[in-house]
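Here are my notes for your next look at the model. Please keep the viewer open as you read.

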Amino acid sequence: MSETRSGKEILSMIKSEKIEVVDLRFMDFPGLWQHFSIPAREVDEDTFESGLGFDGSSIRGWQVINESDMLVRPVPETAFIDPFFEAKTLIMVCNICDPVTGEDYTRDPRNIARKAANYLKSTGIAEVAYFGPEAEFFIFDDIRFDQNEHEGYYHIDSVEGRWNAGRVENPNLGYKIRYKEGYFPVPPTDSQQDIRSEMMLTLEKIGVLIEAQHHEVASGGQAEIDMRFAPIVQMADNLLKYKYVIKNVAKKHGKTVTFMPKPLFSDNGSGMHVHTSLWKGNQNLFAGDGYAGLSQMAMYAIGGILKHAPSLLSITSPTTNSYKRLVPGFEAPVNLAYSRRNRSAAVRIPLYSNSPKAKRFEFRCPDPSCNPYMAFSAILMAAIDGIQNKIDPGEPLDKDIYDLPAEELAKVPQTPGSLREALKALENDHRYLLKGDVFTSDVIETWISYKMEREVTAVDLRPHPWEFALYYDI
């Protein structure tokens, strides 16, 4: 993927590849890719400068009806040929602009990530921030759910789910993954090797470099495909391509994928551990001779992330379901501390390699339900704030957190217990996000109000099925 690809090169590509359709994509506010398509002949050099109009009032969290007109401006270096559509289609990710002022739209998530990258450069701290998310997901065979005034339910099924060990399948071959034992078994127990390999190779074909794929811990088809790290905006673009490819390869095989953090009760949820490092030229600024081979700058960055974690999670773990995963005493990291190797800490320093180029830290609280442009930007802004204000992260937590005495564990801060708590933390702590006009006050206010009204309150108003088991006979 060329970083200097021009509109002229795209026009040449449309001609040489016999492209019939051009599909234009952008991200809505909560975090879903949107698109519309035009005939390839409609694209000319002016398309990349002037953009194309659409109704912004119909996009979640965007314009009001009396200010609905918006523009998409395609970004040439994001172009790739779609691997699924019948007609040969060129896809381009777009930036969103105001048609009156011509300025980039503040609520466009991609614009937030672009501003975060530029702000980092303007501080002189570093030239580039690299991100490497490990997004987990489930591949199910069937999903049904509904809730109305008098009923509410969900039903998940997977041929490899342990709950189907006794099901009549004519024949049931018995290779059902035991709960919490899905990490790395070979086939036939791992029934999804071929589908994950197809996902991996399809991603590679469209320019998303992959490092590994494997079954994850949970029964019922939990998986992980790891992407090669990339700069912040490109990595967010790649995560959207990742979700798109994975969902569509699954659909091709009659299966369905969810990036929901906690779809199964009593088994592991899906997290998205985010690896981060800052660079100048060929120098990794997080490599040093301090704790776990990190530099003082890296330690301050960790300090910023731990200090702002409660508000940060409202963006990196932004669903009510996220907090079904982030529960004390279970597999997810809820302890706001850092450690090498200890996966119970919110920030972990991987020790797979002693090479200075490999030095980084991993923020383990986020999950793949997030809007990646906003999540990566918020993580970067918290890290920058830690560096600028020399925030000490305190002592590492290298002990087994599960075996800590209660009085010692009580001294370790923990993540918010709900999305409501995280949004309240964001309301009280967001000045670090406003630096460099990366997040605007309007973005913060809209995010809080949208999440509270559309998600927190909406879930609060609905009875939960388990409440009937607890309370029906009261």
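Which exposed residues does the face of H1 turned away from its buried side carry?

1. Basis. This is a predicted model: local features need pLDDT of at least 70, side-chain atom pairs count only at pLDDT 80 or more, and totals for chains, interfaces and linings use all residues. Residues are numbered from 1 along each chain as its sequence is written, and side-chain values use heavy atoms, with hydrogens and water left out.

2. Helix H1. The answer to the opening question is Lys8, Lys15 and Ser16. H1 spans residues 7-16, and within it Gly7, Ile10, Met13 and Ile14 are buried. These four sit on the same side of H1, because they cover an arc of only 115 degrees around the axis. The arc is taken from the directions from the helix axis to the C-beta atoms. Buried means under 20% relative accessible area, exposed means over 50%, and partly exposed is in between (1.4 Å probe, protein chains only). Helices (H or I, at least four residues) and strands (E, at least two) are DSSP runs, numbered from the N terminus. As background, an α-helix has 3.6 residues a turn, so residues three or four places apart point the same way.

3. Negative patch. Asp44, Glu45, Asp46 and Glu49 form a patch of negative charge on the surface. Patch members have over 30% relative accessible area and no salt bridge, and like charges are joined within 9 Å. A salt bridge would be a side-chain nitrogen of Lys or Arg within 4 Å of a carboxyl oxygen of Asp or Glu. Asp46 belongs to helix H2 (residues 45-50). Its relative accessibility is 45%, so Asp46 counts as partly exposed.

4. Cis peptide bonds. Please check two bonds. The one from Asn170 to Pro171 is cis, with omega near 5 degrees. The one from Pro187 to Pro188 is cis too, with omega near 10 degrees. Pro171 lies in the loop between strand E9 (152-157) and helix H4 (193-205). Pro188 also lies in the loop between E9 and H4. For context, most peptide bonds are trans, and most residues other than glycine have a negative phi.

5. Lys390 lies in the loop between helix H8 (372-388) and helix H9 (406-409). With a relative accessible area of 58%, Lys390 is exposed.

Terms used:
Patch = residues over 30% accessible without salt bridge, like charges linked within 9 Å, V, L, I, M, F, W, Y side chains within 5 Å. Areas by Shrake-Rupley, 256 points an atom, 1.4 Å probe, with all protein chains shown as cover. Lys, Arg positive; Asp, Glu negative; His and termini not counted. Charge placed at Lys NZ, Arg CZ, Asp CG, Glu CD.
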